[in-house]
Amino acid sequence: MATAGATGWLRGIVKAVPSGDSLVIMGNTKAEIPPEKTITLSSLMAPKLAPRRGGLDEPFAWESREFLRKLCIGKEVTFRVDYTVPSINREFGSVFLGDKNVALLVVSAGWAKVREQGQQKGEASPFLAELLRLEEQAKEQGLGRWSRVPGASEAAIRDLPPSAVGDSSNFDAMALLAAKKGSPLEAIVDQVRDGSTIRVYLLPDFQHVQVFVAGIQAPSPGRRAAAEAVITSEVASNEQNGVTAAEPRAPLTSAQRLAASSGSMVEVPADPFGKEAKHFTEIRVLHRDVRIVLEGVDKFSNLTGSVYYPDGESAKDLALELVEHGLAKYVEWSASLLEDDVRRKLKNAELQAKKTRLKIWTNYVPPATNSKAIHDQNFTGKVIEVVSADCIIVADESLPFGDPSAERRVNLSSIRGPKMGNPRRDQKPDPYAREAKEFLRTRLLDRQVNVSMEYSRKVGLADGGAAPSVAADTRVMDFGSVFLINPPKDGEVAAAGAGSQTGVNIAELLVARGYATVVRHRDFEERSNYYDALLSAESRAISGKKGMHSAKDPPVRHVTDLLTANAKKARDFLPFLQRNRRMSAVVEYVLSGHRFKIDIPKATCSIAFSLSGVRCPGREEPYSDEAIAFMRRKIMQRDVEIEVETVDRTGTFLGTLWESKINVAIPLLEAGLAKLQTSFGLDRIPDAHLLAQAEQSAKQKKLKIWENFVEGEEVSNGAAVERRQKEELKVVVTEVLEGGKFYVQSVADQKVASIQKQLSSLSLQEAPVIGAFNPKKGDLVLAQFSADKSWNRAMIVNAPRGPVESPNDTFEVFYIDYGNQEIVPYSELRPLDASVSAAPGLAQLCSLAHIKVPGLADDYGQEAAVRLSEHLLSSPKEFKAVIEEKDTSAGKVKGQGTGTVFLVTLIDPEAEMSINALMLQEGLARLEKRRRWEPKDKQQALDELEKFQTEAREKRLAMWEYGDIASDDEDVAPVARKGAGKR
């Protein structure tokens with residue numbers, strides 16, 4: 001307590017008003033819990049209030065208490081103890097509110113009577129004479145309890161209903177909930193049990209109930225062992241000024257004695273900051289008017305709701321105040337009853353309190369997180385690809401057009417969209433995945449956006465979950481907020497919420513349409529700077545039943561993916577696609593500068609599509625990446641038109657593609673990133689003269705691939721099929737496939753012996769521990785070959801879904817150094833050291849050049865495979881391989897029969913002819929179809945080989961048994977375009 005100057009006078013703040021003649025005053029100090037005194041106004045006796053358990057007041061008891069409560073609660077007063085009565089352990093004193101004596105104000109208003117003398121001499125107020133004078137004056141005027149109005153005394157008696165605290169049968173809480181849920185109830189707080197539990201009188205019926213503050217839980221203030229003392233003090237508080245000597249207390253009830261006996265045995269210590277939380281709540285709401293917004297009830301008739309108390313002209317939320325000051329924690333079970341906005345405020349307040357380690361969070365240790373904030377990384381660019389509903393690729397405008405490094409992958413912060421699936425793994429798209437991606441594509445593609453990068457997160461390669469412990473199995477994803485500049489005026493901006501100064505938040509727009517959900521981040525996990533707006537948008541989408549929140553079945557679109565189908569299925573689609581002539585389509589992906597994945601909505605199929613007569617540099621060749629980046633900026637995910645002319649042997653359709661009515665091959669050639677494939681036949685290529693002009697322009701400017709161009713020199717064309725000076729290798733054949741394909745190892749390659757030596761030095765006795773080693777598709781491992789039990793490097797081609805559960809789980813593996821492929825159990829796999837996996841595979845896929853060997857499914861295919869194996873594998877020998885061409889169109893190695901193919905003439909040094917000629921001579925192969933635009937060296941080779949084919953045909957050997965063989969579709973060149981006019 002602060003001393004007020006003269007001896008004995010103290011200063012404090014009124015914390016509570018238990019009755020019409022008593023005050024609880026706490027010290028006006030900086031202590032966390034200041035000392036306090038209960039002061040009864042000297043020489044006064046106010047009417048007695050009914051006990052909380054129910055009953056009758058004395059007349060005017062409530063009005064008397066209300067006068068004193070409204071006069072003093074929460075205000076600073078000066079007081080002095082005049083005398084004490086040890087028998088009841090009470091202190092009596094004089095209290096001043098400013099310069100006004102509170103006792104005089106009470107008596108003059110008629111709300112208390114004056115007792116002239118206590119039991120002992122000196123037990124009287126020093127202002128007794130003035131009190132007696134004012135009492136007589138109030139009596140004469142009929143003020144307060146001295147009212148002479150007929151029936152006033154009876155009307156001023158409250159008949160309190162039984163308290164619902166401890167006996168739920170006294171109150172129908174469910175009926176109140178049904179009638180008043182979500183509506184404010186007026187109440188006066190009577191007790192504070194702990195920081196988040198109060199007991200109140202509901203007005204106007206004065207029903208005494210217990211209220212849990214919704215959404216939070218404060219620490220316990222503990223419980224004293226002497227329960228009887230608590231009850232005694234409660235009874236005593238209803239007595240006036242020592243009159244208890246004349247009126248003995250009522251004996252304790254059985255329930256009170258039981259509570260006293262059980263309480264005396266158990267003392268509950270206070271939780272850290274439990275007493276502070278209780279005090280915090282007391283000084284704000286005890287004996288004050290509050291509003292309670294009812295949210296729920298429990299089976300004991302306890303109410304759960306939000307408590308608002310007055311603070312000047314505004315009202316404050318008690319739950320939010322407690323959480324912000326670190327005196328309560330957020331609890332989901334009751335927070336679920338609140339509105340989303342209120343829950344977010346509570347959760348954010350708790351997070352901030354944890355960050356600053358306030359009060360109950362002093363020793364809080366944040367959980368480990370795999371996210372890291374990104375600061376000051378903002379840029380402007382154009383969207384060139386929508387990867388999925390929550391990921392886009394933006395080309396940074398500060399870098400040159402077509403620069404591959406300009407493309408930045410941005411994952412939208414704090415949202416999760418439906419997954420697109422993976423056709424190659426037989427994973428179907430999630431519901432609304434295509435609709436969400438299309439929603440973004442139509443609104444973002446080629447539109448300018450502002451990007452604010454916010455955080456990065458380390459995720460597992462398998463599913464994007466929390467960061468695994470193994471560094472090799474992780475990747476870092478960057479997250480940010482993307483704002484659309486100058487959005488279309490179609491009402492969607494209003495639906496998503498107000499836009500910011502930088503534009504409309506795409507994530508918010510997506511969530512508002514029900515095409516994504518908001519991620520519930522853990523504490524201290526980085527999140528979007530606009531997280532609250534995202535949660536609000538999600539609430540609107542859920543209430544409006546938008547998108548994935550709708551009860552309707554999601555739309556279904558069946559698409560035939562011809563990229564994953566075999567070439568025969570693609571040829572079956574050709575007549576249908578040719579018949580439709582020009583078709584609307586969408587470029588789903590740019591596979592290379594001239595080859596794309598195209599979605600044709602009308603045909604409900606996706607195809608691999610290549611530009612007729614135009615070839616860009618192949619993978620890992622100069623300007624390959626620039627060509628891909630150029631075309632991504634030009635046509636990626638754009639609405640285009642295509643016209644299909646034919647399909648090649650790999651199932652890729654050839655034709656022309658227009659974007660905005662412009663043949664896209666023209667700007668590609670003009671940029672010097674492609675060459676005309678003159679051997680294809682210019683008479684068969686649409687807009688051939690325009691393409692030739694574009695190529696000539698790039699040559700003259702010496703752009704990109706033409707930087708070393710000299711007029712008059714012959715320049716090789718084509719990047720997917722390379723033609724260079726013929727290279728010769730000494731090889732051994734390691735595996736034979738169908739259709740004239742086989743694998744070889746170069747004899748001169750020193751890596752063969754080096755890798756074999758490294759493998760032989762490894763200790764591979766112990767089987768892998770299940771759970772510690774989980775190989776996935778595409779991983780390089782060590783596998784034990786079944787034929788000779790040797791350990792070899794292998795690539796996982798197919799793996800079981802989910803984690804490994806048994807040593808007998810099987811994996812399909814491709815031996816990258818030999819070309820074999822087989823299925824092996826998990827017990828015969830081992831992790832591969834990085835020093836051994838770094839070297840590329842030693843097995844090179846080859847095919848016999850200039851001839852066609854039937855596949856196993858074709859006539860004489862099995863005979864051809866057996867015979868080729870006899871020629872190549874019957875005895876260990878070296879062959880000379882003359883590389884005629886290299887076909888890089890198949891991309892990277894993904895298993896047996898994939899990757900770059902060397903088209904070779906394979907010569908057995910001991911024989912007089914090549915294996916190519918030998919297969920023709922035995923009638924187990926036939927020549928490729930001749931084209932008039934073939935180079936001279938190839939024409940000569942075909943002329944030489946034709947002699948052997950003629951010999952087999954004349955002798956009716958093998959496949960020529962029944963005469964000539966009709967050519968198949970894959971040898972047919974693109975059809976010549978018809979002139980305009982009627983058909």
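Me: In which loop is Thr 604 found?

Reply: A word on the basis comes before the case. This is a predicted model, in which local features need pLDDT of at least 70, side-chain atom pairs count only at pLDDT 80 or more, and totals for chains, interfaces and linings use all residues. Residues are numbered from 1 along each chain as its sequence is written, and side-chain values use heavy atoms, with hydrogens and water left out. Strands (E, at least two residues) and helices (H or I, at least four) are DSSP runs numbered from the N terminus. Thr 604 is found in the loop between strand S31 (595–600) and strand S32 (605–611).

Me: What is the phi of Thr 604?

Reply: Most residues other than glycine have a negative phi. Thr 604 has a positive phi, near 50 degrees. Ala 958, in the segment after helix H24 (936–954), also has a phi near 50 degrees.

Me: Is Ala 958 buried or exposed?

Reply: Buried means under 20% relative accessible area, exposed over 50%, and partly exposed in between (1.4 Å probe, protein chains only). Ala 958 is buried because its relative accessible area is 19%, whereas Thr 604, at 35%, counts as partly exposed.

Me: Which residues does a cis peptide bond join?

Reply: Most peptide bonds are trans. Here a cis bond joins Leu 203 and Pro 204, with omega about 10 degrees. Pro 204 lies in the loop between strand S13 (197–202) and strand S14 (207–213).
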